[in-house]
Amino acid sequence: MTRLRRMSLPLVGFAMFLLIWEVTGQSLGNALLAPPSSVAHTYVDLLLEGAMLAELFTSLRQMMIGFLLACFIGMPIGVAMGRSRVSDAMFRPWVSMFVVTSTAALIPVLILLLGTGLALRSSVVFLAAVWYIILTTYNGAKGISPSLIATARSFSASRGQIFWKIILPAIYPYLITGARIGLVHAIRAMVMAEMFVIVGYGGLINRTGLDVDTSALLSLLLTLMIVSLLANWTLFQAGRLLAPWYEQRGS
Amino acid sequence: MRLFSTSIFRSEHMENARIETIKITQRSSRVADFLSGNKVLGLFSVLIGLTAWEMTASQFHKMVLPPPSDVLARFFDTDFLSTLMPSLANSLIAFAVGFGLALLVAIPLGIVLGRSQLLYRMFDPLISAIYAIPPVAFVPFLIIWFGLFFEGRVALIFMMCVFDILVVIVAGARDVSSKLVDVGRSFGASRSQILRLVVFPAISPFLIASLRVGSARAINGMITAELFFAAVNLGMVMKRSAQAFDTASAMAVVVTICIVGLLAQTAIHRLEDHVLRWQPRRST
């Protein structure tokens, strides 16, 4: 396959998708499925109006609280689990329990505990992201080649030196991947929590859903898609920039 | 389990598809390892956690933070059980329909996309793009299309797990060794024979992985749907308990969902042991 063809095929895929959507949208009408042409129109309006982006940035800023907490708490726990059998056994049941429990189910309980404010949203985001961050870091720390550590030990490296010079560089790509996975879940959780208590961007989606015209709703979904792709891409690039000697893995 | 949710720009990984897929299979046994660790210490840790919770709870009012013993007592309360069990059964029906439909769509589609280089290149970025949208955000849209009740819930469950399944199956279908397919072809196997005798056995670890990932997502979708559409079944039990400030009951529902999730994972693990006996465990 030539390079040109390789590059153009995804565009063909997108074009086909848009075409089918346009035709279906035209025949069903805006109330059921707004065609891309009218979504594009509404999208520009929403961008110029500014409320959409304002809500989005507020929501994202608040989401970062839960996400960063999840990173700060999840990453050390993951490393501890990967490097020590005792902490592995201690944390394991909690992680496997929470990772299968859906975040949505926790929301009503958390509302009773924390109310419907910022504390609720932060903890929902935290609870959605932290387990995946732990799991990814755990896999990274667990997979460090024992011979590296044995070598360091035979050169009489201290525990601190082993941690800073071997363990940390080795799990570096996993930390980035963990953050990426966690961020995807954080965005999902943010939207879910906000839709539940109808505030912020999620609340906007909920309210827009009541409109007769679906083009605004689809525009909001489009923005979410762009944010999610951008966030992922940014972290991916950050990882490449900070640790270019690693292909990112452990995803 | 979340292996796949990240690779949003998966085109970056295209060259690494092979490495990536090996990781998937390793991963599946890693998760299995993960579930069966040192049981005694684990139990000890859970007991410590519960004791800490019990002690903290004694400082608060029951409505705010009920002790775990109260939550446990709910499971022996016949009144509560008589509403919980039928609700759970109804919830599981929606789960089965949504998950089943997703499997029916995603498995054939995934095989086709994974086996055809052309289709893969055409549609992989599109799938990644749609996948990037949080599925809950589709709820208002699904309400317009499918209404507030059973159909809507099934649609959300479908939306939440179909892409996760699809991505795993595509990775699996791309992983099938071309040597095997070539050997089959040179012995004059027909297309359907190659599919049945070569491709299908080769992707069976991925089928299991897709069940694991998909079922977790579908259970998630099940309870999400019951809370976001018209509240019914488990979602209804939960909302009612919350409105009555009966936190212990709401927590009992969460525990039920957690148990359902763990049971599903265990069942799939058993199935894996049974179906994939011929496969050497790579990472243990």
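The legends below describe close-up views of a predicted model. In this model, local features need pLDDT of at least 70 and side-chain atom pairs count only at pLDDT 80 or more, while totals for chains, interfaces and linings use all residues. Residues are numbered from 1 along each chain as its sequence is written, and chains are lettered from A and ligands numbered from 1 in the order in which they are written.

**View 1. Chain A is made of helices.** Chain A has 10 helices and 0 strands; helices (H or I, at least four residues) and strands (E, at least two) are DSSP runs, numbered from the N terminus. The C-alpha trace of chain A spans about 75 × 60 × 30 Å along its principal axes. Of the 251 residues in chain A, 46% are buried. A residue is buried if 20 or more other C-beta atoms lie within 10 Å of its own, exposed if 12 or fewer, and partly exposed in between, with C-beta atoms placed from the backbone.

**View 2. Chain A touches chain B.** Here 55 residues of chain A are in contact with 57 residues of chain B; two residues are in contact if their C-beta atoms, placed from the backbone, lie within 7 Å. Elements of chain A that give two or more residues to this side include α1 (3–28), α6 (118–142) and α8 (159–197). The element that gives the most is α4(A), with 11 residues. By class, the side of chain A that touches chain B has 36 nonpolar, 12 polar and 7 charged residues. Ala, Val, Leu, Ile, Met, Phe, Trp, Tyr, Cys and Pro count as nonpolar, Asp, Glu, Lys and Arg as charged, and the others, Gly among them, as polar.

**View 3. B:I157 sits in helix α7 of chain B.** This helix covers residues 150–175. B:I157 counts as buried because it has 29 C-beta neighbours inside 10 Å. Leaving aside neighbours within four places in sequence, B:I157 is in contact with residues including B:F95, B:F99, B:A218 and B:M222. B:V97 is 60 residues from B:I157 along the chain, and their C-alpha atoms are separated by 8.7 Å.

**View 4. Helices α10 and α11 of chain B meet.** The axes of α10 (residues 233–243) and α11 (residues 247–275) of chain B come within 8 Å and cross at roughly 155°. Axes are lines fitted to C-alpha atoms, for helices over the stretch in contact, and angles run from 0 to 180 degrees between N-to-C directions. The two helices, α10(B) and α11(B), are therefore roughly antiparallel, the term for angles over 145 degrees. Among the residues that meet are B:L234 and B:V237 in α10(B), and B:V253 and B:I257 in α11(B). The contact of α10(B) with α11(B) has 7 nonpolar, 2 polar and no charged residues.

How values were computed:
Parallel < 35°, antiparallel > 145°, perpendicular 65-115°, else oblique.
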